[in-house]
Each structure stands twice: as C-alpha cells, then as structure tokens.
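The following exercises are to be worked with the sequence and the structure in view. Each task is followed by a solution in steps.

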Amino acid sequence: MPRKTSQAQLDASNRWNEKNKERKYYLAKRSMARSYCRVATKEDLEALIEFANEQMQERFN
C-alpha cells in the first residue's frame with residue numbers, strides 16, 4: 001500500500017517540528033487540557049477554574 005504523504009511533506013513536517021519545539025509542546029498541552037475538560041466532573045472543573053484564576057492573578061497582575 002503506497003504512502004498517502006509524500007517524502008517531501010514528511011521532511012517539511014520534521015523541519016517544522018524541529019524549529020518549533022516549544023510551539024508544538026504548547027499545542028499538545030492545550031489539546032490535552034481541552035480533552036480533560038470534556039470528561040471532567042463538575043467538581044474537577046470548579047477546582048480547575050479556581051486554579052486558573054489563581055494563575056491569572058500570579059502571572060498577569
């Protein structure tokens with residue numbers, strides 16, 4: 001079965017990944033957080049909101 005992605009595209013993706021490690025890490029963590037929010041309980045989300053508010057105060061004020 002032939003590949004659906006060309007070698008040139010795979011190479012380009014690898015170059016982007018190497019040049020953008022921090023961005024890739026950020027996007028992966030954001031995706032995990034959103035996935036967690038989809039399955040979290042009400043109590044989990046309340047605790048997360050409280051934590052997020054504390055982080056906002058510490059980091060942006």
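**Exercise 1.** Which residues form a nonpolar patch on the surface, and how much accessible area do they have together?

*Solution.* The model is predicted: local features need pLDDT of at least 70, side-chain atom pairs count only at pLDDT 80 or more, and totals for chains, interfaces and linings use all residues. Residues are numbered from 1 along each chain as its sequence is written, and side-chain values use heavy atoms, with hydrogens and water left out.

Step 1. Apply the rule for patches: they are made of residues with over 30% relative accessible area and no salt bridge, like charges being joined within 9 Å and nonpolar side chains (Val, Leu, Ile, Met, Phe, Trp, Tyr) within 5 Å. Accessible areas come from the Shrake-Rupley method with a 1.4 Å probe, and for residues only the protein chains shown count as cover.

Step 2. The patch consists of Tyr 36, Val 39, Leu 48 and Phe 51, with about 400 Å² of accessible area together. The elements giving two or more residues to this patch are H2 and helix H3 (42-60); helices (H or I, at least four residues) are DSSP runs, numbered from the N terminus.

Step 3. Phe 51 belongs to helix H3. Phe 51 counts as partly exposed because its relative accessibility is 47% (buried means under 20% relative accessible area, exposed over 50%, partly exposed in between, with a 1.4 Å probe and protein chains only).

**Exercise 2.** Describe the largest pocket by its volume and its lining.

*Solution.* Step 1. A pocket is an open set of points on a 1 Å grid over the protein atoms alone, where a 1.4 Å probe fits, with protein on both sides within 12 Å along at least five of seven lines; lining residues have an atom within 4 Å of a point. The space in the largest pocket comes to about 210 Å³.

Step 2. Its lining is made up of Tyr 26, Lys 29, Arg 30, Ala 33, Arg 34, Tyr 36, Cys 37 and Leu 48. Helix H2 (residues 21-39) supplies the largest share, seven residues.

Step 3. By class, five lining residues are nonpolar, none is polar and three are charged. Of the residues named, Tyr 26 lies in helix H2 and is partly exposed, with a relative accessible area of 41%.

**Exercise 3.** How many salt bridges does the rule count?

*Solution.* Step 1. Side chains of opposite charge can pair when their charged atoms come close. The rule asks for a side-chain nitrogen of Lys or Arg within 4 Å of a carboxyl oxygen of Asp or Glu.

Step 2. The count comes to one salt bridge. Glu 18 pairs with Lys 21, and their closest N and O atoms are 3.5 Å apart.

Step 3. Both partners may then be classified. Glu 18 is exposed because its relative accessible area is 56%; Lys 21 is exposed at 53%.

Definitions and conventions:
Points joined across faces, edges and corners; volume = space filled by probe spheres on them. Nonpolar A, V, L, I, M, F, W, Y, C, P; charged D, E, K, R; others polar.
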